[in-house]
Amino acid sequence: MKYFIWAYNPKVVGIRPSQGISFVVPETKTEAYLELEINQIIPVKRIDFQTVYPIFKQKQAEGEKIEDIFTLQEEIMDWVGVLKAIFVPGKTGVSDVLFKDKYICDRF
């Protein structure tokens, strides 16, 4: 399963129902996802590391294969990259962190 962490309305980035992707979203945005027939959601009180980390820890303990964890929110890419490094075998979040700041990318 792939996980997309997004704190805003799904219409902003054109999210559509997709097999194989679950969305970690704030509880306050649940209705917006259900209106678009996106049912694979994990509502949380807050989008922060302390709230989201235990969810992936539990999924890992249950034996679920976590294929990817990603976001488009620049302000949370650092800790989402950490989650990816911890829970996604063979992947690291280093590239996510590098792309956080567009000026860094121009130097490579």
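Accessible area here comes from the Shrake-Rupley method with a 1.4 Å probe. On that basis, the accessible surface of this protein comes to about 6,700 Å², with 54% of it belonging to carbon and sulfur atoms. Keep in mind that you're looking at a predicted model.

**Whole chain.** Switch to cartoon and you'll find 5 helices and 4 strands. Going along the sequence, the pattern reads β-β-α-β-α-β-α-α-α. Of the 108 residues, 40% count as buried. Among contacts with a separation of 6 or more, 38% are between residues 24 or more positions apart.

**The sheet.** Now select the strands. They make an open sheet of 4, ordered β3-β2-β1-β4, with parallel pairing. At the edges sit β3 (41-44) and β4 (68-71), each pairing on one side only. From one strand to the next, the twist averages 20°.

**β1 and β2.** Zoom in on this pair: the two strands run parallel and are joined by 4 bridges. Pick Lys 2 and look across to β2, where Ile 21 is its bridge partner.

**Helix α3.** Next, select residues 77-87. This is α3, which lies across β1 and β4 and runs at about 175° to β4.

**A surface patch.** Finish by showing Tyr 8, Val 12, Val 13 and Leu 72 as a surface. Together they form a nonpolar patch with about 370 Å² of accessible area. Click on Val 13, in the loop between β1 (2-5) and β2 (21-26). Is Val 13 buried or partly exposed? Its relative accessible area is 34%, so Val 13 counts as partly exposed.

Technical notes:
Residues are numbered from 1 along each chain as its sequence is written. This is a predicted model: local features need pLDDT of at least 70, side-chain atom pairs count only at pLDDT 80 or more; totals for chains, interfaces and linings use all residues. Side-chain values use heavy atoms; hydrogens and water are left out. Patches are made of residues with over 30% relative accessible area and no salt bridge: like charges are joined within 9 Å, nonpolar side chains (Val, Leu, Ile, Met, Phe, Trp, Tyr) within 5 Å. A salt bridge is a side-chain nitrogen of Lys or Arg within 4 Å of a carboxyl oxygen of Asp or Glu. Buried means under 20% relative accessible area, exposed over 50%, partly exposed in between (1.4 Å probe, protein chains only). Two strands pair if DSSP finds at least two bridges between them. Axes are lines fitted to C-alpha atoms, for helices over the stretch in contact, and angles run from 0 to 180 degrees between N-to-C directions. Contact means heavy atoms within 4.5 Å.
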